[in-house]
Amino acid sequence: MSVAAKFERSLQAHGRRNERRVLCLNVAGVNAAGESESVTVHNISQDGLLIESRALLNPDDAFEVDLPHAGLVVAKVVWTRDQLAGCRFELPIS
């Protein structure tokens, strides 16, 4: 399976150990009604991910993410701003 992606400029460390480059993955999501929704994954870590979507998401909303090597994991929306949502995995991934 291939996924469209792009690198964005390098980000300063901002309290992190190293400077990092951002890889944005464009993926398809499916809502409860079975309709497809476009989602951009701006970053992902062991603890969660930052996504962008036109879908209406609110803090405490939960959804499943199908990740290679990890399978289905549950993520919960922690915060939203415009079309961005910061999400935390129910359990950290490897």
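Trainee: Where is the place of Asp82 in this predicted model?
Mentor: Look past strand S6, which covers 71–81. Strand S7 then takes up 84–89. Asp82 sits in the loop between S6 and S7.

Trainee: Is Asp82 buried or exposed?
Mentor: Exposed requires over 50% relative accessible area. Asp82 has 80% relative accessibility, so Asp82 counts as exposed.

Trainee: What is the phi of Asp82?
Mentor: Most residues other than glycine have a negative phi. Asp82 is not a glycine, yet its phi is positive. The value is about 55°.

Trainee: Which loop holds Asp60?
Mentor: Asp60 has a positive phi of about 80° and is not a glycine either. Its relative accessible area is 59%, so Asp60 is exposed. Its place is the loop between strand S4 (48–53) and strand S5 (62–67).

Trainee: How many bridges join S5 to S6?
Mentor: The two strands run antiparallel. Across the pair, Asp66 stands opposite Leu72 in S6. The number of bridges joining S5 to S6 is six.

Trainee: Which residue takes a positive phi in the hairpin of S5 and S6?
Mentor: This hairpin has three residues between the strands. The phi in question is near 70°. The residue is His69.

Trainee: Which element has the lowest mean pLDDT?
Mentor: The protein averages a pLDDT of 78, and 66% of the residues score at least 70. Among the elements, S7 has the highest mean, 94. Where pLDDT is low, the predicted coordinates should not be read in detail. The lowest mean, 58, belongs to strand S1 (residues 5–11).

Conventions. Residues numbered from 1 in each chain as written. Predicted model: local features only at pLDDT ≥ 70, side-chain atom pairs only at ≥ 80, totals over all residues. Heavy atoms only, no water. Helix = DSSP H or I, 4+ residues; strand = E, 2+ residues; numbered from the N terminus. Buried < 20%, exposed > 50% of the residue type's maximum accessible area, 1.4 Å probe, protein only. pLDDT = per-residue confidence, 0-100. Pairing = 2+ DSSP bridges.
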